[in-house]
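Please have a look at it first.

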Amino acid sequence: MARTKKVGITGRFGARYGRKAKRQVKKIEENMKKKHVCPKCDRPYVKRVSAGIWECKKCGTVFTGGAYVPETPMVKAASRNIKRLVGGN
Ligand SMILES: [Zn+2]
C-alpha cells in the first residue's frame, strides 16, 4: 500500500511540470509576436535578428537576450522548461 502511494505522488508531479511547461511555451509564442521594448531608447522597435540576438530598429542597438524574447527572469525559467519538454519528447 505505502509503495503504491509513493509512485503515485511522483507521477502526479511529472504531469504537473509538463502542463506548466506547455503553458509557458504558449506564453513565449505569444510574446514572440509582440513588439519588444528597447532597453536603451525605451521604444517598441526591437526585432529578433536570430536566436538570442535582438536589434532596435529605432536607435540601432544590437543586444543579446533570450532565444525567443528579450531577456526577462520569466523567460529564463521558461526556456529551461522548453529544453526539458523537447528533451522528454
Ligand atoms: Zn532603441
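Let me begin with a term: a residue is called buried under 20% relative accessible area, exposed over 50%, and partly exposed in between, using a 1.4 Å probe and protein chains only. Helices (H or I, at least four residues) and strands (E, at least two) are DSSP runs, numbered from the N terminus. What you see is a predicted model, in which local features need pLDDT of at least 70 and side-chain atom pairs count only at pLDDT 80 or more, while totals for chains, interfaces and linings use all residues. Residues are numbered from 1 along each chain as its sequence is written, and side-chain values use heavy atoms, with hydrogens and water left out.

Let me turn to the strands. Strand β2 has a covered face, made of W54 and C56, and an uncovered one, made of I53 and E55. As a general point, side chains in a regular strand alternate between the two faces of the sheet. Two strands count as paired if DSSP finds at least two bridges between them. Strands β1 and β2 run antiparallel and are joined by four bridges, with V46 standing opposite C56 in β2. Their hairpin has two residues between the strands, and G52 takes a positive phi near 85° there. On to β3, which runs antiparallel to β2 and is joined to it by three bridges; here the bridge partner of E55 is V62. The hairpin that β2 and β3 form has five residues between them, and G60 in the turn has a positive phi of about 80°.

Now to the metal. Which residues coordinate the zinc ion? They are C38, C41, C56 and C59, each through its SG atom, at 2.3 Å, where donors are N, O and S atoms within 2.8 Å of the metal (3.2 Å for Na, K and Ca), and sites may look incomplete because water is not among the atoms. Along the chain, the donors follow the spacing C-x2-C-x14-C-x2-C. Within it, C41 in the loop between α1 and β1 and C56 in strand β2 are 15 residues apart, a pair that links distant parts of the chain.

C41, by contrast, is partly exposed at 24%. C59, in the loop between β2 (53–56) and β3 (62–64), is also partly exposed, at 39%.
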